[in-house]
Amino acid sequence: MVYHKVAIVGATGNLGPTIVDALLQHKFEVTAVTFNNPEDPKYNDLKSKGVKVVHANIDDKFTLVRAFHGIDAVVSTVGGALFSKQTVIIDAAVEAGVKRFLPSEFGGSTRDKLVRSEEVLQPKIQIIEYLEKVASQGKITWTGIATGPFFDWGLQVGFLQFDLKNESVTLYDEGKAKFVTSNTRDIGLWVALTLLHPERTENKYLELGTFKVNQLEILEALEKVSGKKWTVKEHKTTVEAQELAKKASEKLKQGDETQLLPFFMQSLFVIIFRGLGAYEIKETELFPEYKPLSLEESVRLVLNK
């Protein structure tokens, strides 16, 4: 089976634009489904590349069914409050006759028993379980792609705790715990290859990654590529992060929506920097076309931007 038409929900987020570019490079016809005003200037770049931008209402399944009409595959990169509403998106995709659904699973693996009890991951686990149920009824096929944190994005914005401007780092638990991480360009390619060769990944959960590293190895690569000595600005522990996540969770349950981001971030710091995201990278052999960059090459790309 060959897919030609792909809809992406979340095309202007942290990962969406890279996936769109990879799909276009592989000659897919791409539609961006937005819950905002499609005439917003932020969609001009997509339109200039030939992407069709259509509006839908997440609270009106009919608008989603209409947006997905004639679409072969749907890729979701939604986050935040929209994450749990992917069940609505899945139902609309089924009703519209979509053949493959890729949920917003990009990030740490939810298959590892070490992390399945983490509160922050429960919505992701529930979405995969829902997809498995729908797929078992023959209504749609799916592919989940775990990637670990986004490496290039995480360096650029400081998520991995490196300050590129001031050449400094905050180390968690001495920076020794390994975790899987992926360049966004690789994630875009994996999505494109999944849809180019759907038989390889039908109803599968893929644990992918560019490489497995720790903060100390990233620091060494940054110093080598930049030719400068970086500063360890601060030492923190995942015990502290876990306590901050717990406090944020309690406030969230009391109705304080401002605690959503702190809860999310601190919970992820625990998973990543405690080494709970160090799954084995197993499925890249499904994509012989994929040629990974080394850590040093990836760092150089980031510093040269």
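**Local features of the predicted model**

Glu 223 lies in helix 9, which covers residues 215-226. The structure discussed here is a predicted model. Because buried means under 20% relative accessible area, Glu 223 counts as buried at 19%. Leaving aside residues up to four places away in sequence, Glu 223 touches Lys 228, Lys 229 and Trp 230.

Spanning residues 122-136, helix 5 has 15 residues and reaches 21 Å from its first C-alpha to its last, close to the 21 Å expected at 1.5 Å a residue. An α-helix has 3.6 residues a turn, so residues three or four places apart point the same way. In helix 5 the buried residues are Lys 124, Ile 125, Ile 127, Ile 128, Leu 131, Val 134 and Ala 135. These buried residues pack against helix 4 (86-96), strand 5 (100-102), strand 6 (141-146) and strand 10 (204-207). Just after helix 5, Gly 138 takes a positive phi of about 75°.

Aromatic rings form another part of the picture. A pair of aromatic rings is described by the distance of the centres and the angle of the planes. The count comes to 9 aromatic pairs. In one of them, the rings of Phe 151 and Phe 211 have centres 5.2 Å apart and planes at 85°; planes over 60 degrees apart count as edge-to-face, so this pair is edge-to-face. The pair links distant parts of the chain, with Phe 151 in helix 6 (residues 151-157) and Phe 211 in strand 11 (residues 211-213), 60 residues apart. Both Phe 151 and Phe 211 are buried.

Trp 153 and Phe 159 form a tilted aromatic pair, 5.7 Å centre to centre with 40° between the planes. Trp 153 is partly exposed, with a relative accessible area of 23%, whereas Phe 159 is buried at 9%. Trp 153 and Phe 159 also belong to one aromatic cluster with Phe 150, Tyr 172, Phe 179, Phe 269 and Phe 273.

Finally, there is the matter of empty space. Rolling a probe the size of a water molecule over the atoms shows where empty space is left. The second largest pocket holds about 180 Å³ of space. Its lining includes Lys 5, Glu 29, Lys 52, His 55, Arg 66 and Gly 70. Strand 2 (29-34), strand 3 (52-55) and helix 3 (61-67) each supply at least two residues of this lining. By residue type, the lining divides into 3 nonpolar, 5 polar and 4 charged residues.

Terms used: Residues numbered from 1 in each chain as written. Predicted model: local features only at pLDDT ≥ 70, side-chain atom pairs only at ≥ 80, totals over all residues. Heavy atoms only, no water. 1 Å grid on protein atoms, 1.4 Å probe; cavity = no way out; pocket = protein on both sides within 12 Å on 5 of 7 lines; lining within 4 Å. Points joined across faces, edges and corners; volume = space filled by probe spheres on them. Helix = DSSP H or I, 4+ residues; strand = E, 2+ residues; numbered from the N terminus. Nonpolar A, V, L, I, M, F, W, Y, C, P; charged D, E, K, R; others polar. Phe/Tyr/Trp six-rings, centres within 6.5 Å; stacked < 30°, edge-to-face > 60°. Buried < 20%, exposed > 50% of the residue type's maximum accessible area, 1.4 Å probe, protein only. Contact = heavy atoms within 4.5 Å. Expected span 1.5 Å × (residues − 1).
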